[in-house]
Amino acid sequence: MKALLLIDIQNDFMPTGSLAVPNGDKIVAPVNAVQPHFDLVIASQDWHPASHVSFAKNHLGKKEFEIIQLEGLEQTLWPAHCVQNTAGAEFHPQLHTQKVETIFRKGTNPALDSYSAFYDNAHQKSTGLAGYLKEKGITKLFFTGLAADICVYFSIKDALAEGFQCTVFEDAVRALDENTYHQQQKELKEQGVTYCHTADFLK
């Protein structure tokens with residue numbers, strides 16, 4: 001059994017958003033095209049309180065994209081993004097959500113960041129996604145979303161650790177940093193992750 005994961009396809013990660021992923025809006029059409037071919041479609045949503053520890057504005061004298069140590073973890077300080085109940089946190093308006101069965105929200109703890117759709121960055125708390133998928137009999141996951149080198153990457157890492165087979169739709173992800181993404185691709189391929197184009201999947 002397979003499921004499609006839509007990772008953080010939200011307005012603040014689009015070209016006009018506060019944490020813009022280059023060409024992030026280009027993934028919406030391929031994501032919409034593959035959705036009808038999955039019985040189970042799940043979305044994750046960054047859902048931060050305004051006081052979130054990952055926002056540079058909440059650290060006096062610190063700049064956006066600066067890296068600090070926080071509770072023993074490296075923390076990138078981001079522009080404020082995907083704040084709960086704001087337009088930036090909403091899904092892209094052209095994203096089809098009719099087939100989305102459940103939304104898993106993450107990053108709700110103001111004191112801890114959460115890139116993966118499965119766990120927070122310290123692995124202190126599960127979102128419940130892994131258990132949900134296993135209960136549904138899912139063994140194979142197909143990934144889409146933003147950003148390929150951050151939330152998609154860490155979601156795949158956790159999915160592999162949970163025993164899922166993982167495939168990435170290459171044209172349905174975009175990265176914040178292309179160089180990092182290409183290094184991660186090499187690493188993930190060595191761990192058995194496959195990459196394909198939505199057009200090939202739809203043939």
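Colleague: How do the residues of the lining of the largest cavity divide into nonpolar, polar and charged?

Modeller: This is a predicted model, in which local features need pLDDT of at least 70 and side-chain atom pairs count only at pLDDT 80 or more, while totals for chains, interfaces and linings use all residues. Residues are numbered from 1 along each chain as its sequence is written, and side-chain values use heavy atoms, leaving out hydrogens and water. Ala, Val, Leu, Ile, Met, Phe, Trp, Tyr, Cys and Pro count as nonpolar, Asp, Glu, Lys and Arg as charged, and the others, Gly among them, as polar. On that scheme, the lining of the largest cavity has 10 nonpolar, three polar and two charged residues.

Colleague: How much space lies in the largest cavity?

Modeller: On a 1 Å grid over the protein atoms alone, a cavity is a set of points where a 1.4 Å probe fits but cannot get out, and lining residues have an atom within 4 Å of a point. The search of the whole structure finds two cavities of 30 Å³ or more. Grid points are joined across faces, edges and corners, and a volume is the space filled by probe spheres set on the points. For the largest cavity the volume is about 120 Å³.

Colleague: Which residues lie closest to the centre of the largest cavity?

Modeller: The lining has 15 residues. Closest to the centre are Phe13, Leu19, His81, Ile150 and Cys151.

Colleague: Which elements each supply at least two residues of the lining of the second largest cavity?

Modeller: This cavity holds about 50 Å³, and its lining includes Ala148, Val168 and Tyr181. By class the lining has nine nonpolar, two polar and no charged residues. Helices (H or I, at least four residues) and strands (E, at least two) are DSSP runs, numbered from the N terminus. The elements are helix 3 (148-161), strand 7 (165-174) and helix 4 (178-190).

Colleague: Which residues of helix 4 are buried?

Modeller: Helix 4 has 13 residues and reaches 19 Å from its first C-alpha to its last, close to the 18 Å expected at 1.5 Å a residue, the expected span being 1.5 Å times one less than the number of residues. Buried means under 20% relative accessible area, exposed over 50%, and partly exposed in between (1.4 Å probe, protein chains only). The buried residues of helix 4 are Tyr181, Gln184, Gln185 and Leu188.

Colleague: What is the volume of the largest pocket?

Modeller: A pocket is an open set of grid points with protein on both sides within 12 Å along at least five of seven lines. The largest pocket is lined by 22 residues, and Ile67, Thr76, Trp78, Tyr115 and Ile150 lie nearest its centre. By class, its lining has 12 nonpolar, five polar and five charged residues. Its volume is about 470 Å³.

Colleague: Is Leu95 buried or exposed?

Modeller: Leu95 lies in the loop between strand 4 (73-76) and strand 5 (100-106). Leaving aside neighbours within four places in sequence, Leu95 is in contact with Leu6, Ile9, Val28, Val31, Asn32 and Gln35. With a relative accessibility of 7%, Leu95 is buried.

Colleague: Where does Glu71 lie?

Modeller: Most residues other than glycine have a negative phi, and most peptide bonds are trans. Glu71 has a positive phi of about 55° although it is not a glycine. At 74% relative accessibility, Glu71 counts as exposed. Its place is the loop between strand 3 (67-70) and strand 4.

Colleague: What is omega for the cis peptide bond from Leu146 to Ala147?

Modeller: Ala147 lies in the loop between strand 6 (140-146) and helix 3. The bond that joins Leu146 to Ala147 is cis, with omega near -20°.

Methods
Contact means heavy atoms within 4.5 Å.
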